[in-house]
Amino acid sequence: MSSSHDVVIIGAGPGGSTAANLLAAAGHDVVVVERAVFPRFHVGESLLPADLPLLERLGVELDGRSFQFKGGAEFIDERSGDCVTYLFRDALDGTPDHAWQVERAVFDKLLADAATSRGAVIRYGEAVRTVSFDDDAVRVESDAGSLRARYLIDASGQDALLARELGAVEPIRDLGRAAVFAHYEGLSPEVQAELGAQGNVKVFMIEDGWIWAIPLVGGRLSVGVIKWRGKIDEALHERAVAASPILRRLTRGTTRRPLRILGNFSFRNRRAVGPRYICIGDAACFLDPVFSSGISLAMLGAESVTDLLSCGLERGDEADPELMQPHIERMESAYGSFEQLIRRFYHSKMIHNLFFASEQDPELRRGLISVLAGDVWRDDNRFQALLTASKRRGRPRVASC
Ligand SMILES: Cc1cc2nc3c(=O)[nH]c(=O)nc-3n(C[C@H](O)[C@H](O)[C@H](O)COP(=O)(O)OP(=O)(O)OC[C@H]3O[C@@H](n4cnc5c(N)ncnc54)[C@H](O)[C@@H]3O)c2cc1C
């Protein structure tokens, strides 16, 4: 039997749950089809300050009992001895001054429950198999039956269901290609106090890649190694941690949970929008996670989609392909800024020189921190203007910072 709705959403990750929450709050009939049963594990644990106003709009409150306060980001090159800390409170005026480090099983369930409490229906443990479109509806076949809707949001994450059906996945080969990661449990009280004081994410620069260290509540540390070339396996993780004096010290006496490996995660979806559908979050695009932008771009993208879609559904012009144009432009500008920063991180000494420069122009430094905070839609950030201008002109102008 087929049920009929305003909007069907594939996936209840941060993107899908945000969209479901806002559409339901606006009075639309929304169903989310989620393959997993929550809570479920997910990689990606570091939020950005730019999420804070949206979390408030969603009715989601994070606190220090369940989540770790995050004051900023540290970049460390143990080979040269360079180390720099960027605190979000030093960003441009108006950028929120902190974020959170989250265990995704807990965070994603909180977001999904908030959507349910606003009136969205989430069908857990049900996978979408195929999607088809006709003139006045979209038809979704799941392993539990079929659904019809006026509009489809694909928030299926790295599965990128529609992109794969449409043959529209375009891998980005020169950004991070694979990761190996694990949680360490039982940090000593001294290490917990040290990491918990600012709750920063630590990014260690290594040959052809980087390592993240993210403190989590409950005396845990998430450590992952990312490479853009070369082999990724469990031994790489062990070698990388053993080679880092700081990580050796932080993880001494802890228990490491099993390692997990993920690959081929940097890609674009060449057909992320069409009549009666849009792909959001990772299902639309995913860039290397070095600046922790994935969850923010998924949630803030969902917000801009739902604001447009809600009006489209009320007017009855939701199938107009032009409806999502403002959203597409907004996301292109955000992905563009992060992509420029990430490319420079991997493929030039520029980021190294910029991050560790002994003297930085104070205004550019504040602008850099605002970008690191995910506050990428403002027109007064000179650092961001230089970053994106260098893309347009094909010249690396940020070097002159
Ligand atoms: C190694 C690595 C480290 C990362 N670290 C960070 C970080 O520190 N900070 C950060 O912000 N981001 C990070 N990310 C990225 C972040 O995890 C994602 O950007 C984020 O989860 C995207 O949210 P989403 O809602 O688009 O997709 P997801 O969170 O992946 O949610 C998609 C949901 O869709 C469901 N689904 C998939 N297929 C189907 C189907 N056929 N039917 C029904 N349901 C389906 C899945 O079960 C899942 O629950 C990292 C990514 C990687 C690879």
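Biologist: Which of the 38 residues around the ligand come nearest?

Modeller: G13, G44, G157, G281 and G294 come nearest among the 38 residues around the ligand. A residue is near a molecule if its C-beta atom, placed from the backbone, lies within 6 Å of it. The elements giving two or more residues to this shell are α1 (14-25), β2 (30-34) and α8 (294-315), and α8 gives the largest share, four residues. Helices (H or I, at least four residues) and strands (E, at least two) are DSSP runs, numbered from the N terminus.

The model is predicted: local features need pLDDT of at least 70, and side-chain atom pairs count only at pLDDT 80 or more, whereas totals for chains, interfaces and linings use all residues. Residues are numbered from 1 along each chain as its sequence is written.

Biologist: What makes the ligand lie between domain 1 and domain 2?

Modeller: Domain 1 (1-45 + 104-173 + 265-401) and domain 2 (178-263) both give residues to the shell around the ligand, so the ligand lies between them. The domain bounds come from an automatic or database domain assignment. The C-alpha centres of the two domains lie 27 Å apart. Their contact takes six residues from domain 1 and 10 residues from domain 2, where two residues are in contact if their C-beta atoms, placed from the backbone, lie within 7 Å.

Biologist: Why is D63 called exposed?

Modeller: A residue is buried if 20 or more other C-beta atoms, placed from the backbone, lie within 10 Å of its own, exposed if 12 or fewer, and partly exposed in between. D63 has 8 C-beta neighbours inside 10 Å, so D63 counts as exposed. D63 is found in the loop between α2 (52-58) and β3 (68-70).

Biologist: On what grounds is helix α11 described as mostly covered?

Modeller: Eight of the 11 residues of α11 (residues 362-372) are buried; among them are L364, R365 and G367. The helix is followed by G374, whose phi is positive, near 85°.

Biologist: Why does the radius of gyration of the protein agree with that of a compact globule?

Modeller: The radius is taken over C-alpha atoms, and the globule rule is 2.2 Å times the number of residues to the power 0.38. With 401 residues, a compact globule would have a radius near 21 Å; the protein has 21 Å, and therefore the two agree. Of the 401 residues, 49% count as buried.
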